[in-house]
Amino acid sequence: MLDAIVFYGLAALALASAAGVVAQKNPTYSAFSLIVTLCSLSGIYGLLGSPFIAVLQIVVYAGAIMVLFLFVIMLLRVKQEDHPAREGRLLKGVAFGLGLLLALQMTVVLAARGGTPIPSIYEASTPAVARLLFAPRFLYVFEATSILILAALVGAVALAKKEP
Amino acid sequence: MTPALQELFIAVVKILVIFSVLLGLFSLMTYLERRVLAFMQFRLGPNRTGPWGILQPVADGIKLFFKEEVMPEGADRIAFVGAPIVAIVTAFTAIAVIPYGPPFRLPSLGFLPEWLRGREVSLQIADLSVGILFIFAVTALGVYAIVMAGWAANNKFSLIGGLRSSAQMFSYELALGLSWVGVIMLAGSFKVADIVNAQAGGFWMWNLVWQFPAFVVYLIAGTAEVSRIPFDLPEGETELVAGFHTEYSSMKFALIQMAEYVNMITVGVLVTHLFLGGWHSGVPGLPPSFVWFAAKVGFMLFFFVWLRGTLPRFRYDQLMHFGWKVLIPVATLNIVLTAALVTWAHR
């Protein structure tokens, strides 16, 4: 009962703020809305019994990545997004079409499941997540991803570095 | 009462008590900071309101209440009002997972209802399995208050203050998080209470000894995180008026100020719990108690004031260099060494 109230509250907040990200004219507000979305998603992860993922969601997305986004928006002092009207209309059409497609897919998937929740395959506690990530099954993928990110980092530094 | 209601009742009482204690501690700190700083500089500090000036925070509070609320004309209303709220909410939420002492048994007093007599109560609002990470996440969100405040005021000093602040916070947050990793590895748990209990036995068991590099890194990064001297560039008054909160007045200013002090108390509490053995006395034979915890936190708060009375301010580029090129490598090296040590000890 309490779970349901919290869940629907968070879900409504996530959806409303996600709509806000798209609808806002001011990019700073869009960024703030996105932060609210990420935080409510984190709440939902917590509700699903995985506090670790919930906290990571905030630390990584809401905490680190969004700060960088905001930083850039603030540094460039973007006030309003300005698209030429025709291009804007085209983009809106494409976005609407893609959204519709996603909604269709979700309806099909949910209908096929018959509304029963998908049973979780893995335990979600912190040691369980760690054991999965560092077991041979995912270890190579996990480490390869970190090397990719490191490579991207080095690349970004090399590109940004001024010629002496 | 049903057990669920009883739990709820206890939780609400705990929240109320901790909230009011923190508010009290905040006003006490504003007084003590001015007073101690004054003594360090051979001045007297506020000493006119009440005995020894102890009522100064009350006077300050009344003054701020009745001050005129000013909002700059070009300010962004929502973000301007939202920033102090975000600041205070994140500051207080971080406190929720911190324990204040070993579990405590209520005495069997006659006036207590049956279900409360002799009941064991943990001195903590929420005991999350990811406690320390939760604190990290919530304090990371605290940056937004500063970014919002700096951006919303439509004032160049505020904006520069906000930008400096966010740059400083996310450079030092990394070192701060890394300095916790060694401690977490030694305790084998994210729970604050487990980390404290892993340091039981005597002061040579404290992480101050076993994680000394991490202790130094955390002390520095923590001071930077709460933007206190020598890391108070975001509000460096000689350059930026008052940084991100230049345009704030009245109660909004008080809220921002309160959030800063609560964050400082949080850092003091965390240093105590992570490195100074929390509520353990450090001397074999003396039982763990809230008293040791309070004494250590008190010392840490004094330490922050002491720093403020002693050190000059960093220059901005020095600050960034120091964070990225000294603190983070030291913290990383510490993690590698600790990991090797833990693996070797488990073998």
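**Notebook: chains A and B of a predicted model**

I began with burial in chain A: buried residues make up 16% of its 164 residues. I took a residue as buried with 20 or more other C-beta atoms within 10 Å of its own, exposed with 12 or fewer, and partly exposed in between, the C-beta atoms being placed from the backbone.

I noted that this is a predicted model, in which local features need pLDDT of at least 70 and side-chain atom pairs count only at pLDDT 80 or more, while totals for chains, interfaces and linings use all residues. Residues are numbered from 1 along each chain as its sequence is written, and chains are lettered from A and ligands numbered from 1 in the order in which they are written.

**Chain A**

I looked up the elements and found six helices and zero strands in chain A, in the order α-α-α-α-α-α from the N terminus. Helices (H or I, at least four residues) and strands (E, at least two) are DSSP runs, numbered from the N terminus.

I then read the confidence, pLDDT, which is the predictor's confidence in each residue, from 0 to 100. Chain A has a mean pLDDT of 82, with 85% of its residues at 70 or more. Within chain A, confidence is lowest in helix α5 (residues 126-133), at a mean of 79, and highest in helix α6 (residues 136-160), at 89.

For contacts I required C-beta atoms, placed from the backbone, within 7 Å. Of the contacts in chain A between residues at least 6 apart in sequence, 50% join residues at least 24 apart.

**Side of chain A that touches chain B**

I found 17 residues of chain A in contact with 17 residues of chain B. On the chain A side, α2 (27-47) and α3 (51-76) each supply at least two residues, and α3(A) gives the most, with 13 residues. By class, this side of chain A has 13 nonpolar, four polar and no charged residues. Here Ala, Val, Leu, Ile, Met, Phe, Trp, Tyr, Cys and Pro count as nonpolar, Asp, Glu, Lys and Arg as charged, and the others, Gly among them, as polar.

**Helix pairs in chain B**

I examined α3 (residues 77-95) and α10 (residues 250-275) of chain B, which pack at an angle of about 25 degrees with their axes 9 Å apart. Axes are lines fitted to C-alpha atoms, for helices over the stretch in contact, and angles run from 0 to 180 degrees between N-to-C directions. α3(B) and α10(B) are therefore roughly parallel; angles under 35 degrees count as roughly parallel, over 145 as roughly antiparallel, 65 to 115 as roughly perpendicular and the rest as oblique. Residues that meet include B:Ala87, B:Ala91 and B:Ile95 in α3(B), and B:Leu255, B:Ala259 and B:Val262 in α10(B). The residues of this contact of α3(B) with α10(B) divide into 12 nonpolar, two polar and one charged.

I next took α1 (residues 3-40) of chain B with α2(B): the angle is about 110 degrees and the axes are 8 Å apart. That makes α1(B) roughly perpendicular to α2(B). B:Ser27, B:Thr30 and B:Tyr31 of α1(B) and B:Gln56, B:Pro57 and B:Asp60 of α2(B) make the contact.

I located B:Ala75 in the loop between α2 (56-66) and α3 of chain B. B:Ala75 counts as partly exposed, with 18 C-beta neighbours inside 10 Å. Beyond its neighbours within four places in sequence, B:Ala75 has contacts including B:Phe80, B:Ala152 and B:Glu247.

I found B:Arg347 in the segment after α12 (316-346) of chain B. B:Arg347 is exposed, with 5 other C-beta atoms within 10 Å.

Methods. Two residues are in contact if their C-beta atoms, placed from the backbone, lie within 7 Å.
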